[in-house]
Amino acid sequence: MAGVTSINLVEHALLVSIQDDITDTEILELQDRLSNKISENRIDGVILDISALEIVDTFVGRVIAQLAGISRLLAADTYVVGMRPTVAVTLVELGMYLPETRTALSLTHALTQLRRL
Amino acid sequence: MPSPSYVAFDEKDLGAQVLLSQFKLKTSGDAVTVRQAVARYMKEHGASALNVTRFATAVSEIARNAIVHAGGGEFSIYVDPRAKRLSVVCWDKGPGIEDVALALTDGYTSGGGLGRGLGGAQRLAQKFEIRTAVGGAPAC
């Protein structure tokens with residue numbers, strides 16, 4: 001299955017769905033596309049949907065942290081949505097922290113939080 | 001010729017386990033392939049969702065470690081059908097790890113990563129072993 005990571009505009013936020021088999025090349029391309037879209041569209045928030053991810057290892061964790069860091073520098077808040085409970089447990093055991101990101105349980109929850117800003 | 005970071009586990013050490021499959025590790029896509037293979041096998045054999053995620057994450061860490069830091073390698077999955085046990089062996093072509101204890105320390109990185117990969121993998125696996133330079137392999 002070829003991983004095509006999509007970026008969609010939802011209200012004033014960009015919804016980024018990260019695919020399970022994303023490659024290093026696709027990540028670099030995603031960073032590029034995302035940063036351009038944020039600056040072109042006056043985006044307030046970025047929502048990273050990771051519900052497709054069966055696992056989040058330190059590499060993917062770093063990607064999430066980088067995407068969030070880039071968004072923050074471009075004045076957009078980041079929410080991670082769709083984290084599976086097993087992924088949350090494993091991330092804690094791995095000792096991974098995602099300081100630049102906030103998490104929301106669903107897309108609706110993330111959009112509600114972003115509207116309050 | 002550089003000595004390997006990890007060499008293939010001695011078959012004797014694996015007891016009743018049989019080789020299920022073997023993969024070459026070259027690109028980051030190969031790390032995805034091996035962890036998906038491990039996850040698929042575990043799911044088919046009734047492992048809990050949490051244990052699948054834990055072990056597949058550990059597998060992903062050691063496979064990526066071999067690809068990113070050691071120029072690739074080979075990856076084998078062994079099963080012991082009676083004991084319902086899965087072991088993986090990752091062999092790489094790197095120059096070896098000088099200080100294994102240091103490499104397993106959280107926060108230590110030799111390559112710009114977060115420095116949680118190997119230590120994290122060790123915490124996620126029931127059994128974890130690194131043998132380096134003088135011979136051996138990390139087995140989870």
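Which residue just after α3(A) takes a positive phi? A:Gly95 does, at about 80°. The model is predicted: local features need pLDDT of at least 70, side-chain atom pairs count only at pLDDT 80 or more, and totals for chains, interfaces and linings use all residues. Residues are numbered from 1 along each chain as its sequence is written, chains are lettered from A in the order written, and side-chain values use heavy atoms, without hydrogens and water.

**View 1. Helix α3 of chain A, residues 85–94.** Helices are DSSP runs of H or I, at least four residues, and strands are runs of E, at least two, numbered from the N terminus. Buried here are A:Thr86, A:Val87, A:Thr90, A:Leu91 and A:Leu94. They line one face of α3(A), because they fall within an arc of 135° seen down its axis (directions from the helix axis to the C-beta atoms). A:Pro85 and A:Val92 are exposed on the other side. Buried means under 20% relative accessible area, exposed over 50%, with a 1.4 Å probe and protein chains only.

**View 2. Packing partners of α3(A).** Its buried residues pack against α2 (58–73) of chain A. From chain B come α2 (49–70) and α4 (117–124).

**View 3. The largest nonpolar core.** Such a core joins buried Ala, Val, Leu, Ile, Met, Phe, Trp, Tyr and Cys residues through side-chain atoms within 4.5 Å. Of its 59 residues, B:Val38 and B:Phe75 touch the most other members. α2(B) gives the most, nine residues.

**View 4. Around B:Val38.** Beyond neighbours within four places in sequence, B:Val38 is in contact (heavy atoms within 4.5 Å) with B:Phe55, B:Val59, B:Phe75, B:Ile77, B:Leu86 and B:Val88.
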